[in-house]
Amino acid sequence: MGSRKKRSAPGAGLRLAPGVRFDSSEEREEVLVLVCPDGKVQLNQIAAGILRLCDGSRTRDDLVAEVVRRSRGPARVVEIIEFLDVAQARGWIDGE
Amino acid sequence: MDANAVRHAADVLQFVRGQKAPTPGHLTTLNTAIASSWRRCALDYSMDPGRPHFAPSVIDASTLAQRRAQYADLVQITSAEIDWLYEYIAESGYALVLTDANGIVLYEKTDSTLTDTFRAAGLMAGADWSEPQEGTNGIGTCIAENRPVIVHREEHFRSCHIGLSCSGVPIRDPSGALVAVLDASTLNARDTRASLAHTMALVSLSARLIEKCLFLQHFRQGVVFRFHARPEFVNLQHDGAIALAHDATVIAVDETALWLLRVANRADLIGRRIDEIFAVSADELIDPARDTQAALRPVRDVALGRRFFSSLDHGTAGARSSKPTSSTTLSPPVLQLVPPASRKSSLTLEELAGEDPQMLRNVRSAHRIAMSRVPVMIQGPTGAGKEMFARALHAASDRATRPFVALNCAAIPEALIESELFGYRSGAFTGARKEGMKGKILQSSGGTLFLDEIGDMQLALQTRLLRVLEEQEVMPLGTETALKVDLRVICASHQNLRAMIARGAFREDLYYRLNGITLELPPLAQRTDKERLIREFLAAETSDGRPAAIEMDAFQQLLAYGWPGNVRELRNVIRTALAICDGGVVRLRDLPSEVRRSEGGHNPIPAMPCAKPAPAEREKMMQAIRECDGNMSRAAGQLGISRNTLYRHCKRLGIPLQHSHSDLHPRSPGE
């Protein structure tokens, strides 16, 4: 992770981007929907768990560590980081 | 009266006078229940077996209405149950009948084309089928013997009934007294006593369920302790139920509870305190202030120390308490990540059912017969998930810990199926493995044998399979000794087996052997719960703890596509899309072209989907590759994506790879 650029500066942690929220009307078990300005996204539980941790209180590295801490079983660190990359690229989350 | 009837009457009389054993070939052995019934008919009721058939004795309409009112709960519960049974066995020409404890028909259901035939035989509402009235029969003899009976054709006492075959099962009230009889009767000469045994198994299951409903209804104001050795069966029809008084003494016990506790008589339990039977604190158990409803608790029985799981119904007040609504997703601001181990890649019956009405009906039926040996025939188009369903059925049965052995009769050369199924002894034929081989039938003993594409099995093998099923014995090739097996068979076919029977390609007797009930799996396009299925598969395919998501435009296309390959195709598409997408996020471009092109989606797709994607994206990648002199690993690092992902993008965006140092074998998303 250290090799990646733009990650180290402390400041506002990762958070849901403005206009992005969870669709509470569809919250049932296993039905987790993120509402973004350009459409909805169906999430699996892990993805939803990761995005819920994006509350501005954690940097990317802290967040990955927290997800790993909360996951029982083998943690998928690479997949988690890739997911955060895409989530940021798609404009679902912002922050450092 | 025809010759058969005359001969039957003569045979019966000779038998009851003790002059002669039943005619060989006509009735080789006489079941003890039938023999004692014949004697009762001849000696106690002075009945003449040859007496011509008078109109059956039918009670008048107002008396019938009165009786129905008296048994309103029973009739209501049973009629729903009969409707369920009817779906499965009416097609084979059955009439389903509920009578009271006196043999008076309270409710019946028949195929409308057969109603007249059955009426002529006396199967109609209000008819009296008690043994003194109609002689040996499935209803009257069940009442007289106080146990389930099959009365097959010539086992009837009266000549006029020898066209009938009946399976009668008692329905008992919470005290164990017979209150009603549930009977399935057929006029079909084709049914053997053995095939009636399957019908009987289904009828018995229904009777158990009706008894459970009656029991719970009777004690709905009280406290009912429910238990089973497996936690998932508690509060289902298979569990044991014990009704308790307010001081925790046992006031009623159902049949299953007796069986689970290995107790012969209700009297051994009634009047004792629950803590004399189970190692529980009765005060704690019975205290209504405690929230005992919420959880299953492990308990051991005092007599044998075996472990059970139990729950407590606190009457109607407790039963109304709403199901806990997924608190994991609603209340806490941060979701607790599910342990990946809690999900498996094989789905349960409920997960397979989703919310589709037909699938829910299938699953309801599957649960009923899961604990029995009733053979199941699964029909459905290719890819509809027949094997998945069979596995889930196995997992829901009491055989779950034993092997599930599958054999696809279409996938294996005909010549090999025989040895695969039956196994062989060492040296049975040239090329045989030295140590011999245990066949699939033997391997599955105690568990479940799943025969996929049974319609592809050749006739000679069908005959051998039939023999195995009838005798529950298998004789490996090259041996003389038969080995006992405990078989539970589920088979599947996408072919119309009835049509195959008609043209002589499938044995009719095997069909009836295998077809205890038929479950029809609908094609995916007809399912009303595709949304949920997509989510189920997304979850199942990422059960290793990967984060994953599907963007809505891709999701809409998955919904809109026709899915000719059914559930299997859907699952493959999701699996492939997850493998090729970036960061676990499935986008439209990750779907195979035929899915992207399907009509009816909310986002109409241009004819050339690959030509569209952002030129900027293409340019960005080409630049990165140029900057890194074609070193794909470095280019990928610079772009913040994986090397494989970069290759996929290159292929998708048509970026030439001549600068690349390595060979390229990207996976086609259409696979």
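Good morning. In this predicted model, helix 1 of chain A and helix 3 of chain A are roughly perpendicular to each other, where angles under 35 degrees count as roughly parallel, over 145 as roughly antiparallel, 65 to 115 as roughly perpendicular and the rest as oblique. Local features here need pLDDT of at least 70 and side-chain atom pairs count only at pLDDT 80 or more, while totals for chains, interfaces and linings use all residues; side-chain values use heavy atoms, with hydrogens and water left out. Residues are numbered from 1 along each chain as its sequence is written, and chains are lettered from A and ligands numbered from 1 in the order in which they are written.

Let me stay with that pair of helices. The axes of helix 1 (residues 45–52) and helix 3 (residues 77–89) of chain A come within 11 Å and cross at roughly 65 degrees. Axes are lines fitted to C-alpha atoms, for helices over the stretch in contact, with angles running from 0 to 180 degrees between N-to-C directions. Helices (H or I, at least four residues) and strands (E, at least two) are DSSP runs, numbered from the N terminus.

The crossing of helix 1 and helix 3 of chain A is right-handed; a crossing is right-handed if the near helix is turned clockwise from the far one by less than a right angle, and left-handed if anticlockwise. Helix 1 of chain A contributes A47(A), I50(A) and L51(A) to the contact, and helix 3 of chain A contributes I80(A), F83(A), L84(A) and A87(A). Contact means heavy atoms within 4.5 Å. The residues of this contact comprise 7 nonpolar, no polar and no charged. Here Ala, Val, Leu, Ile, Met, Phe, Trp, Tyr, Cys and Pro count as nonpolar, Asp, Glu, Lys and Arg as charged, and the others, Gly among them, as polar.

How many of the residues of helix 1 of chain A are buried? The count is 8 of 8, so that helix is mostly covered; buried means under 20% relative accessible area, exposed over 50%, and partly exposed in between, with a 1.4 Å probe and protein chains only.

As for chain A overall, it has 3 helices and 5 strands, in the sequence pattern β-β-β-β-α-α-α-β. Of its 96 residues, 46% are buried. Among contacts in chain A between residues at least 6 apart in sequence, 54% join residues at least 24 apart.

I turn to chain B. Its secondary structure comes to 28 helices and 21 strands, and buried residues make up 53% of its 671 residues. Of the contacts in chain B with a separation of 6 or more, 65% are between residues 24 or more positions apart.

How do helix 4 and helix 8 of chain B run relative to each other, and at what angle do they cross? Their axes come within 10 Å and cross at roughly 155 degrees, and the two helices are therefore roughly antiparallel. The crossing is right-handed. Among the residues of helix 4 of chain B that meet helix 8 of chain B are D73(B), L74(B), W84(B) and I89(B); on the side of helix 8, they include T199(B), L202(B), C213(B) and Q217(B). This contact divides into 11 nonpolar, 4 polar and 2 charged residues.

Helix 15 (residues 357–370) of chain B is next. Its 14 residues should span 20 Å at 1.5 Å a residue, and its end C-alpha atoms are 19 Å apart, which agrees; the expected span is 1.5 Å times one less than the number of residues. The buried residues of helix 15 of chain B include M359(B), N362(B), H367(B) and R368(B). Those buried residues pack against several elements of chain B, including helix 4 (72–89), helix 8 (193–218) and strand 11 (376–379).

Finally, some individual residues. G135(B) is found in the loop between helix 6 (131–134) and helix 7 (140–145) of chain B, and at 0% relative accessibility it counts as buried. Beyond its neighbours within four places in sequence, G135(B) is in contact with residues including C41(B), M47(B) and F157(B).

D283(B), in helix 11 (residues 282–286) of chain B, counts as exposed at 56% relative accessibility.

Most residues other than glycine have a negative phi. N146(B), however, has a positive phi of about 60 degrees, and is partly exposed, with a relative accessible area of 39%. Q472(B) has a phi near 50 degrees and is buried, at 15%.
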